[in-house]
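Let's take a friendly walk through the aromatic side of this protein. Have the viewer ready and follow along.

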Amino acid sequence: MDQATFQDWLNRYIDGWRTGDAGAIGDLFSENARYFYGPYREPLVGREAIVGDWTSNPDAPGSWEAEYRPLAIDGETAVAIGESRYADGRTFSNIFVCRFDADGRCSEFREWFMEAPKSRSG
């Protein structure tokens with residue numbers, strides 16, 4: 001994994017989130033990927049479960065924007081930082097820790113996020 005490849009993956013992650021396209025979302029993850037929405041939550045396990053979760057209750061089109069960028073890469077493990085901003089004024093700072101397989105698909109995705117204080121985001 002290198003910075004350009006990881007940035008491309010992050011851009012496709014945002015596009016998959018934005019479009020809700022099951023094929024595009026599935027292409028991001030390995031067949032048995034584990035997706036953690038936070039450090040204390042049980043993961044979604046498997047591409048099918050991840051796609052199903054993403055497509056079951058999507059954010060409304062135009063209700064958010066996001067920007068993520070690589071912070072560090074060590075072999076097949078990559079860390080990203082960024083923000084997700086919602087039209088209702090909520091802003092989240094994000095850290096993603098991703099492990100990739102030999103095909104460039106994410107096999108483990110761990111997300112940490114913090115909501116910005118109202119004085120900052122509103």
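Are tyrosine 13 and tryptophan 54 buried or exposed? In this predicted model, both tyrosine 13 and tryptophan 54 are buried.

**The core around them**

Tyr13 and Trp54 are also among the residues with the most contacts inside the largest nonpolar core, together with Trp9, Phe29 and Phe109. That core has 27 residues. H1 gives the most, with 6 residues.

Leaving aside residues up to four places away in sequence, tyrosine 13 touches Leu28, Phe29, Tyr35, Trp54, Tyr68, Phe96 and Phe109.

**Rings that pair**

A pair of aromatic rings is described by the distance of the centres and the angle of the planes. Across the whole structure, a search finds 20 aromatic pairs. Two of them are set side by side here.

| Pair | Centre to centre | Angle of planes | Type |
|---|---|---|---|
| Tyrosine 13 and tryptophan 54 | 5.0 Å | 90° | edge-to-face |
| Tryptophan 17 and tryptophan 64 | 3.7 Å | 10° | stacked |

Because tyrosine 13 lies in helix H1 and tryptophan 54 in helix H3, their pair ties together parts that are 41 residues apart in sequence. Tryptophan 17 counts as buried because its relative accessibility is 18%, under the 20% cut-off. Tryptophan 64 is buried as well, with a relative accessible area of 9%.

Ring pairs also build a cluster: Phe6, Trp9, Tyr13, Phe29, Tyr35, Tyr37, Trp54, Tyr68, Phe96, Phe100 and Phe109 are linked in this way.

**Strands E3 and E4**

Tyr68, a member of that cluster, stands opposite glycine 82 in E4. E3 and E4 pair in the antiparallel sense over 10 bridges. Their hairpin has 2 residues between the strands, and glycine 75 takes a positive phi near 65° there.

**Charges over rings**

The charged end of arginine 90 sits over the ring of tyrosine 86, 4.5 Å from its centre. Arginine 110 places its charged end over the ring of phenylalanine 36, at 3.8 Å from the ring centre.

Note on methods
Residues are numbered from 1 along each chain as its sequence is written. This is a predicted model: local features need pLDDT of at least 70, side-chain atom pairs count only at pLDDT 80 or more; totals for chains, interfaces and linings use all residues. Side-chain values use heavy atoms; hydrogens and water are left out. A nonpolar core is a set of buried Ala, Val, Leu, Ile, Met, Phe, Trp, Tyr and Cys residues joined through side-chain atoms within 4.5 Å. Buried means under 20% relative accessible area, exposed over 50%, partly exposed in between (1.4 Å probe, protein chains only). Helices (H or I, at least four residues) and strands (E, at least two) are DSSP runs, numbered from the N terminus. Contact means heavy atoms within 4.5 Å. Two strands pair if DSSP finds at least two bridges between them. Rings of Phe, Tyr and Trp (its six-membered ring) pair if their centres lie within 6.5 Å; planes under 30 degrees apart count as stacked, over 60 as edge-to-face and the rest as tilted. A charge sits over a ring if NZ of Lys or CZ of Arg is within 6 Å of the ring centre and within 35 degrees of the ring normal.
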